[in-house]
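Here's a quick tour of a couple of spots worth a look. Take a moment with the sequence and the picture, then read on.

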Amino acid sequence: MKLSVALLALLAGPLAAQSARARLEGRLPSAAIPAVDSLVQLAFQEGLPTEPLIQKALEGGAKQVTGPRIVAAVQVSLAQLRDARALLARAGDRPPPLPSEVTTVAWALRRGLPAPVVERVVAALPHAPRAAAMHAIADLVAHHFDPDSAAGLIIDAVHHGLQRERLLDVSTAALHELQRGHTQAEAIGLVRQALPNVPGPPKPTRGTVAGARRPGAAASP
Amino acid sequence: MNTIDPRIHQALDGDLPLEGVPAELRPVVRRIAAAADLLAAVGPAVSLESRVMAEIRRPAPSRSRRLTRWLASPHAITFRIRPAWSLALATAAAVLMLFVARGGGPELSEHEGLAQFVGRFPDAQSVHVVGSFNDWRPRSLPLEDQNHDGVWRTTVVLPAGIYEYMFVVDGERWVTDHLAERLVADEFGRENSVVIVRPVRR
Amino acid sequence: MDVRGAPPDAEVVARVLGGDAEAFGIVIRRYEAGLQRFATRMLGSRDAAADAVAEGFVRAYRHLASCREPTRIRTWLYRIVTNRCKSHLARRSVADVPLDDAPPVADPSDSAAALERAEQLALVNRALTALSPDKREAFVLKHVEGLSYEEMAAVTGERIPTLKMRVHRAREALLKALEAYA
């Protein structure tokens with residue numbers, strides 16, 4: 001597994017370089033492109049995902065931010081990815097970390113989860129993907145749930161056999177209890193008691209599907 | 001702690017007439033009152049009179065009968081729920097599972113889902129949604145205000161995953177979607193909204 | 001049904017205690033709207049609120065003789081319904097969740113006005129959610145149900161200074177949240 005990833009990385013090297021520049025041309029102030037491109041190359045060589053950096057640069061260009069500010073924002077994004085990778089190593093993930101997991105942990109930190117809590121979740125859930133778990137916990141923290149308690153609930157849910165997107169239903173259920181007038185602690189207790197019985201997501205309204213469209217230039221998440 | 005002028009509390013507690021509050025503070029009093037009005041406007045409820053009176057007219061069961069009834073009644077009835085209020089309002093960034101594409105609509109793979117965007121921009125000429133799902137291209141995904149009531153919407157097929165986005169109004173004004181439940185700093189001094197698109201099959 | 005001109009609470013209570021059970025309907029019609037609204041805020045669901053309020057009325061009828069101040073029956077009813085709501089909350093588990101059909105939800109088929117109300121209600125609810133249930137309850141009783149502090153004390157069993165503090169904190173949190181999106 002590790003070997004083929006490394007081979008792929010070698011093969012994709014020059015392609016990665018070309019595709020970044022091609023995507024940035026005409027979208028950012030041209031003076032900023034070399035600096036952004038260097039940062040993308042650096043990330044690539046360190047085995048970090050490059051897409052978050054390219055997206056950040058495109059975002060800055062679209063928002064008509066100055067070149068230097070775009071470069072600064074991409075540097076921040078790179079630092080976040082490095083922090084994420086370090087956290088994964090501390091939590092016991094064997095290097096090299098999967099790019100998707102680096103992205104997931106970077107997201108979790110951006111959404112305000114304390115690093116120790118993220119580490120705890122990574123250690124408790126040895127198998128990727130952990131994205132849904134992290135976002136479920138972050139959803140609770142955004143509603144003033146204690147991060148450790150929120151993490152405990154989601155970890156319990158995983159141990160009860162709930163996986164991936166179903167974990168979002170667990171946090172939804174806890175938020176529902178909050179709306180009912182319970183405290184955050186009570187909400188967690190109630191949901192925990194009911195595991196694994198947690199309602200699923202709502203069905204879409206009719207006509208929603210019929211009117212759906214695809215974006216012109218869909219980027220990978 | 002963000003404390004407000006005590007006279008505002010006194011006015012709202014009824015201990016001070018509104019005239020006793022300095023003119024520049026009166027809008028604060030009105031805002032609280034307006035918020036309370038919103039909460040009060042739940043809409044007409046069904047009358048309970050016939051239900052209660054029917055129960056009253058029935059002879060009260062003996063204690064043992066009540067216990068038997070309690071034991072026999074179902075306590076765990078699962079209904080389809082709508083999400084909690086504030087989450088429900090995130091239809092602006094709704095997480096929808098594809099259900100049935102009967103009668104038309106795009107075919108979705110099992111790794112795709114739907115994201116629905118809604119925003120209220122009554123004076124806008126155009127509204128677009130721009131984010132990491134379309135490489136932040138400002139004009140690629142327009143919303144539509146079909147009945148010209150100022151409510152703009154669109155539904156998009158996307159690969160399952162997590163995305164950041166903002167609305168762009170009239171091609172130039174970037175607006176955070178505040179109905180979205182999840183917000184994150186954009187490193188440019190603003191906040192992006194975040195949507196999680198769930199895949200079809202799971 | 002129009003209850004103006006109908007007899008005052010004390011007289012209705014006297015009639016019911018004298019054997020005229022049907023007269024209790026006047027009490028129900030007079031207070032059910034406010035009680036249902038309050039219970040909906042506490043329980044987050046109209047159906048659950050209807051259950052709690054209906055149970056409350058039945059209890060009130062059965063224990064009417066113990067209502068010491070018939071002129072203040074509203075306060076007494078609120079206390080009963082508060083207790084019913086707390087009992088519902090304590091009993092309820094996640095798998096036993098009723099349909100939530102309460103306030104304006106941003107259903108895309110709604111009008112612009114409904115969506116605007118929904119946005120503002122979202123802000124208000126978000127601010128209230130961050131508060132403890134005690135502060136939230138205090139705010140709703142004071143500002144939505146319009147109870148006086150004395151009535152709130154009778155309903156909740158808390159001291160007035162405590163209730164005032166809770167209401168003041170709730171207002172401050174609300175303002176802060178509303179200002180953030182001005």
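## A strand and a helix

Let's start with strand β8 of chain B, residues 191–197: it's mostly covered, with six of its seven residues buried. Keep in mind as you look around that this is a predicted model.

So which strands pair with β8(B)? One is strand β5 of chain B (residues 161–169), which pairs with β8(B) in the antiparallel sense over five bridges. Another is strand β7 of chain B (residues 182–185), joined to β8(B) by four bridges and also running antiparallel to it. Here is how the two pairings look, with one bridge for each:

β7(B) and β8(B) form a hairpin, and five residues sit between the strands. Look for Glu187(B) in that hairpin: its phi is positive, near 70°.

Now hop over to chain C and find helix α6, residues 133–144. How far apart should its ends be? At 1.5 Å a residue, the 12 residues of α6(C) should span 16 Å, and the end C-alpha atoms are 15 Å apart, so the two figures agree.

Like β8(B), which is mostly covered, α6(C) is mostly covered too, with 10 of its 12 residues buried. Among the buried ones are Phe139(C), Val140(C) and Leu141(C), but also Lys135(C), Arg136(C) and Glu137(C). After the helix comes Gly146(C), with a positive phi near 70°.

Methods
Residues numbered from 1 in each chain as written. Chains lettered and ligands numbered in written order. Predicted model: local features only at pLDDT ≥ 70, side-chain atom pairs only at ≥ 80, totals over all residues. Buried ≥ 20, exposed ≤ 12 C-beta atoms within 10 Å, placed from the backbone. Helix = DSSP H or I, 4+ residues; strand = E, 2+ residues; numbered from the N terminus. Pairing = 2+ DSSP bridges. Expected span 1.5 Å × (residues − 1).
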